[in-house]
Amino acid sequence: MPELPEVQTVVNHIREDLVGEQIIGIESIWPKVLHNFKPEDLIKKNIDTHIEDVKRRAKFIIIQLPDFIIAIHLRMTGKLYFLNQNELPKHASATLQLKSKKTLVFEDVRKFGRFYLYKDLEPINERHGPEPLDESFTSGLLMDILSTKKRNIKALLLDQSVVAGLGNIYVDEGLWMSGIHPNSISNAIPKTKIIKLHRSIQTILMDAIAAKGTTIIDFSVNGESGKYADQLRIFGKAGEPCQKSKNKIKKIRVAGRGTYFCSKCQHLYLTSCD
DNA sequence: AGGCGTTCCTGGGGGC
DNA sequence: TGCCCCCAGGAACGCC
């Protein structure tokens, strides 16, 4: 399940080859993959324009052209990479044909991933919170966010309109590292713990990007895959001993998601005491 | 406001 | 071995 580090890894991987390219065709093999446009709409707009930049915002891959953007969301199983054989993979949802004869393929087993055509980032910005690795995302900002809401902390951190880019894996990791029970109520968490949570989120995301993510991402020929899986401390480890307390890691359901935690290390804050 | 259920999908795991 | 059932989950949406 691609989250911020996995999306950043994809961007880092394809960016150099894509900047300066021209898109000469788009094929939607699974028609629903194009959420708000048709292939002709894109081609009409695209004559003689070059890709200016490829970047990430929240969990979107942003292909920036002079007058519009293509935003790609991988959802659960989306993969975006340059095709280097003749036949398309079994679960190809769409392809972008480039002037250099390269083909960018979007492969997506569960077909949740989508392409969006927008004038600019505004439609994405208006439904997304701050980037957790931005300078503007301070511990003070996180404190404001948590204290002004009375919400389940895991649900809140998964909410893209509150903080952008976090998903199930990195939320569990962050809550474990900062010693906060996933069922805690946001405005009951003490300040010192919020500072710890802030630092944990940033550390975990940076380490995961450095390791090229957790999810196995097939980059075609060299089959590069994320190595952060080796560094996970809590996610997917039900029944194993916690690294800190040796207590048995539990799996429960929080905010509709499978949630891993250590009942000894992670304190449940339900009512404000300061 | 916020929690919860539903929808979209398919591969894979559990149970028998 | 084989088959069926159900689950996993990001985000949008509707309902209470």
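This is a predicted model: local features need pLDDT of at least 70, side-chain atom pairs count only at pLDDT 80 or more; totals for chains, interfaces and linings use all residues.
**Burial, helix packing and DNA surfaces**

Q: Why is Lys101 called exposed?
A: Lys101 has 7 other C-beta atoms within 10 Å.

Q: Where does Lys101 lie, and what is noted about its phi?
A: Lys101 sits in the loop between strand S6 (92-98) and strand S7 (103-108) (strands are DSSP runs of E with at least two residues, helices are runs of H or I with at least four, and both are numbered from the N terminus). Its phi is positive, about 80°, although Lys101 is not a glycine. Most residues other than glycine have a negative phi.

Q: What makes Ala58 count as buried?
A: Ala58 has 24 C-beta neighbours inside 10 Å, so it counts as buried. Ala58 lies in the loop between strand S2 (53-57) and strand S3 (60-64). Its phi is near 55°, a positive value in a residue other than glycine.

Q: How do you know whether Gly165 is buried or exposed?
A: Gly165 has 24 other C-beta atoms within 10 Å and is therefore buried. This glycine lies in the loop between H5 and H6.

Q: Which residues does Gly165 contact, leaving aside its neighbours within four places in sequence?
A: They are Glu3, Leu4, Ala58, Lys59, Glu131 and Pro132 (contact means C-beta atoms, placed from the backbone, within 7 Å).

Q: What makes helix H6 (residues 168-177) largely enclosed by the rest of the structure?
A: Nine of its ten residues are buried, so H6 is largely enclosed. The buried residues are Ile169, Tyr170, Val171, Asp172, Glu173, Gly174, Leu175, Trp176 and Met177. They pack against helix H5 (153-158), helix H7 (191-210) and strand S10 (257-261). After H6 comes Gly179, with a positive phi near 70°.

Q: Why is H6 called oblique to H7?
A: The axes of H6 and H7 come within 8 Å and cross at roughly 130° (axes are lines fitted to C-alpha atoms, for helices over the stretch in contact, and angles run from 0 to 180 degrees between N-to-C directions). That makes H6 oblique to H7, because angles under 35 degrees count as roughly parallel, over 145 as roughly antiparallel, 65 to 115 as roughly perpendicular and the rest as oblique.

Q: Which residues make the contact of H6 with H7?
A: H6 contributes Tyr170, Glu173, Gly174 and Met177, and H7 contributes Leu197, Ser200, Ile201, Ile204, Leu205 and Ala208. By class these are seven nonpolar, two polar and one charged (Ala, Val, Leu, Ile, Met, Phe, Trp, Tyr, Cys and Pro count as nonpolar, Asp, Glu, Lys and Arg as charged, and the others, Gly among them, as polar).

Q: How do you know that H4 and H7 are oblique to each other?
A: The axes of helix H4 (residues 139-147) and H7 come within 9 Å and cross at roughly 120°. H4 and H7 are therefore oblique to each other. Ser139, Leu142, Met143 and Leu146 of H4 meet Lys191, Ile194, Ile195, Leu197 and His198 of H7. This contact has six nonpolar, two polar and one charged residue.

Q: At what angle do helix H1 (residues 4-18) and H7 pack, and what classes of residue meet there?
A: The angle is about 35°, with the axes 9 Å apart. Leu4, Pro5, Gln8 and Thr9 of H1 meet Leu205, Ala208 and Ile209 of H7. Five of these residues are nonpolar, two are polar and none is charged.

Q: What surrounds DNA strand C?
A: Met1, Lys59, Arg75, Met76, Arg110, Phe112, Arg127, Gln160, Gly167, Asn168, Arg257 and Gly258 do. By class there are three nonpolar, four polar and five charged residues.

Technical notes. Residues are numbered from 1 along each chain as its sequence is written. Chains are lettered from A and ligands numbered from 1 in the order in which they are written. A residue is buried if 20 or more other C-beta atoms lie within 10 Å of its own, exposed if 12 or fewer, and partly exposed in between; C-beta atoms are placed from the backbone. Two residues are in contact if their C-beta atoms, placed from the backbone, lie within 7 Å. A residue is near a molecule or strand if its C-beta atom, placed from the backbone, lies within 6 Å of it.
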